[in-house]
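Here is a walk through one model, helix by helix and then hole by hole. Keep the viewer open as you read.

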Amino acid sequence: MLFKPFFLSIVLLLLNGTVRAQPALIPLPRQVVWNNGFFRFGRQNTILAAQKGLERETNLLQALIHEKGYDAAITTSAPAGKNYIELRLESSGAFENAEAYELEVTAVRILIKAKAPHGIFNGIQTLRQLWRSGNIIDQCTVKDAPAFLWRGYMVDVGRNYMSPDLLKEQIDVMSHYKLNVFHFHATEDIAWRIAIDRYPALTAPANMERNKGMYYSKKEIQDLIDYCRERYITFVPEIDMPGHSAAFKRALKTDMQSDSGISYVKQILNEFCNTYDVPYIHIGADEVKITNPNFVPEITRYLEARGKKVIGWQPGGNFTSSTLLQLWKDDRQASSPPDQVGYIDSRHLYLNHMDPLEAVVSLFNRRIGKEGKPSFYGATLCVWHDRAVQEATDVLKMNPVYPGIIAFSERIWRGGGKTGWIANISDGDETAFTEFEDRLLDHKKQYFRYKPFPYTQQANLLWKLTGPLNNNGNLSQSFFPEYADSCQLSPVKTERGGTIVLRHWWYPLIKGAVDHPRDSTTWYASTSIWSDAEGEKPFWIGFNNLSRSMATDSPPEGAWDNRGSSLWVNEKLILPPSWKRPGQKGDLEIPLTDEGYEYRPPTYILLKKGWNRVLIKLPVGSFAAKNWQNPVKWMFTFVPLSGSEF
């Protein structure tokens with residue numbers, strides 16, 4: 001009896017590099033009780049599904065078992081004397097909604113029960129994570145339900161086209177982490193990417209400014225809708241109107257808000273509604289001057305007459321009271337919408353604005369909306385990669401899409417969190433974040449080995465911050481920390497993490513490590529890194545996280561940034577990369593290449609055996625940006641990597 005658990009630990013050690021007492025579950029269920037022992041799969045296994053209506057879930061479970069290398073027969077009666085897995089619908093009041101489920105693993109049976117098939121589906125996703133390796137699943141009891149019923153992910157394919165296969169990959173990840181709304185933003189100033197038979201000019205290459213001729217046929221959109229539906233994900237198309245509609249105007253030679261434009265829009269929506277069975281249509285309506293006050297109400301009434309629920313961005317157009325508002329900016333009206341208005345939160349949920357390490361911290365700590373408030377649906381995580389890319393997969397490399405989805409799934413499923421928008425680990429729940437990071441990294445090793453995943457361990461790094469020192473605008477001025485033993489510096493405070501934001505560009509809305517930041521000052525950060533042996537080790541190093549939605553300038557030649565930031569390891573100055581486009585003036589049509597640490601080759605630093613001293617100089621001049629495309633985000637990233645991360 002002692003040999004098999006020990007053997008399991010060895011298997012897990014070989015697979016993951018570490019041994020976990022229990023499987024890493026994300027999102028963590030509401031209640032988990034671990035019991036001694038295991039359920040063991042054999043060569044032949046049985047799925048018991050005695051009720052009608054669970055065919056999809058039964059087939060999904062059978063496919064999962066096959067994926068693990070085992071066979072499974074489906075039956076309507078329990079096999080005598082054999083282990084089996086049972087899927088069961090129950091009408092009891094124990095399940096608070098259609099997505100709630102219970103899962104019980106004993107030595108002889110795995111039981112997943114819920115009051116609706118969606119709950120069974122969610123239970124299977126948890127079972128997928130319980131099955132770590134081999135043929136053994138830990139005995140446990142799980143009772144689970146989501147805090148919010150709207151758990152969305154949005155991708156902008158209007159600006160940068162993604163193939164249906166790449167979108168399906170993201171939808172699969174959504175389903176594994178129990179997200180249930182796929183927001184498909186497919187029309188933009190740059191291009192209109194939804195096929196409309198009546199107006200083929202909309203998708204003509206001549207009317208696109210990027211990825212010319214790339215759009216989604218009716219068959220492809222229907223396939224995406226079906227693909228989502230099979231995974232209990234609601235497909236929400238966004239046809240942006242009347243704003244972000246330059247492609248429409250190029251194709252049809254009229255403004256949307258004109259009489260002819262309204263006529264065209266109605267004909268487009270009529271064809272769309274006749275073609276696709278979707279419950280919601282998002283009309284955007286943000287970042288536009290409303291010249292025709294009848295446009296938004298008239299289009300809303302038109303869609304509602306077709307049985308569609310309308311969504312719009314807030315702040316945005318002159319919406320009717322029946323419109324579901326999606327919050328994107330923190331203003332007074334958006335922060336406190338009337339109770340009778342339904343709303344979805346996307347404020348500070350834009351991955352394209354976030355540093356990868358900061359993003360996971362922020363999303364994990366974020367308190368989303370108000371649980372239990374009927375008018376609050378939930379939230380949607382968004383990727384707005386405005387800047388052109390060389391390859392569609394660059395969107396996943398340059399934005400923390402998969403680590404962000406996982407951190408978001410934990411918070412939106414469980415609820416809770418801290419008020420305010422947190423950038424640094426030390427301003428949130430450090431203990432809870434460290435535990436979550438451990439689970440996140442376990443998932444990275446198991447499920448994202450061959451996918452872009454810009455995240456690495458950071459909660460183990462502790463920095464001493466010393467400052468402020470007045471530089472009088474001289475960013476090159478040196479101060480005593482450069483000449484003292486960094487281990488002997490008296491810190492003003494300590495901060496934990498691989499990325500430390502001293503002052504966010506959205507200060508004071510988002511707090512940084514420096515409580516009262518002053519311009520024309522210099523701070524220093526110091527820490528020590530342990531190495532088991534002498535040798536070159538890879539690091540992520542950065543001093544500015546370029547938003548993928550702004551035309552930000554590239555770093556200057558021969559410098560890490562334009563603030564004069566510097567780095568020493570064991571008193572040796574670490575030089576910046578040789579930038580591919582040093583000093584390049586920002587341009588949305590020039591793709592990023594090496595400006596971010598997460599998508600350029602790591603920096604190798606020679607470490608000695610034992611402790612290695614790290615000192616970082618962080619001067620800043622004025623906090624006033626030279627223009628809105630180049631905001632001042634006072635920060636640094638320094639974190640070691642393992643060999644499997646690049």
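## Helix 12 against helix 13

Let's start where helix 12 (residues 401-414) and helix 13 pair up: their axes come within 11 Å and cross at roughly 130°. That makes helix 12 oblique to helix 13. Angles under 35 degrees count as roughly parallel, over 145 as roughly antiparallel, 65 to 115 as roughly perpendicular, and the rest as oblique. The axes are lines fitted to C-alpha atoms, for helices over the stretch in contact, with angles running from 0 to 180 degrees between N-to-C directions. Helices (H or I, at least four residues) and strands (E, at least two) are DSSP runs, numbered from the N terminus.

Before going further, note that this is a predicted model, where local features need pLDDT of at least 70 and side-chain atom pairs count only at pLDDT 80 or more, while totals for chains, interfaces and linings use all residues. Residues are numbered from 1 along each chain as its sequence is written, and side-chain values use heavy atoms, with hydrogens and water left out.

Back to the pair: helix 12 passes helix 13 in a right-handed crossing (left-handed if the near helix is turned anticlockwise from the far one by less than a right angle, right-handed if clockwise). Pro403, Ile406, Ala407 and Glu410 of helix 12 meet Phe436, Arg439 and Leu440 of helix 13, where contact means heavy atoms within 4.5 Å. Sorted by type, the contact residues are five nonpolar, no polar and two charged. Here Ala, Val, Leu, Ile, Met, Phe, Trp, Tyr, Cys and Pro count as nonpolar, Asp, Glu, Lys and Arg as charged, and the others, Gly among them, as polar.

## Helix 10 on helix 13

Helix 13 (residues 430-447) also meets helix 10 (residues 356-365), with axes that come within 11 Å and cross at roughly 120°. That makes helix 10 oblique to helix 13, and the crossing is right-handed.

Which residues of helix 10 and helix 13 meet? From helix 10 come Val360, Val361 and Phe364, and from helix 13 Ala432, Phe433, Phe436 and Leu440. This contact comes out as seven nonpolar, no polar and no charged residues.

## Helix 7 beside helix 8

The axes of helix 7 (residues 259-275) and helix 8 (residues 295-305) come within 11 Å and cross at roughly 25°. The two helices are therefore roughly parallel to each other, and their crossing is right-handed.

On the helix 7 side, the contact uses Ile262, Val265, Lys266, Leu269, Asn270 and Cys273, and helix 8 brings Phe295, Glu298, Ile299, Tyr302 and Leu303. The tally for this contact is eight nonpolar, one polar and two charged.

## Cavities and a pocket

How many cavities of 30 Å³ or more does a search of the whole structure find? There are two. On a 1 Å grid over the protein atoms alone, a cavity is a set of points where a 1.4 Å probe fits but cannot get out, and a pocket is an open set with protein on both sides within 12 Å along at least five of seven lines; lining residues have an atom within 4 Å of a point. Grid points are joined across faces, edges and corners, and a volume is the space filled by probe spheres set on the points.

The largest cavity has a volume of about 60 Å³, and its lining includes Trp560, Trp579, Glu595 and Arg600. That lining splits into five nonpolar, two polar and two charged residues. The second largest cavity holds about 30 Å³ of space, with Asp156, Met162, Trp384 and His385 among the residues that line it. Of its 27 lining residues, Glu287, Trp328, Tyr350, His353 and Trp506 are the closest to its centre, and the whole lining divides into 11 nonpolar, seven polar and nine charged.

Most residues other than glycine have a negative phi, and most peptide bonds are trans. Gln314 and Pro315 are joined by a cis peptide bond with omega about 5°, and Pro315 sits in the loop between strand 12 (309-314) and strand 13 (324-327). Another cis bond joins Gly467 and Pro468, with omega about -5°; Pro468 is in strand 16 (residues 462-470).

Tyr232 has a positive phi, near 55°, in the loop between helix 5 (218-230) and strand 10 (234-238). Asn472 also has a positive phi, of about 55°, although it is not a glycine.
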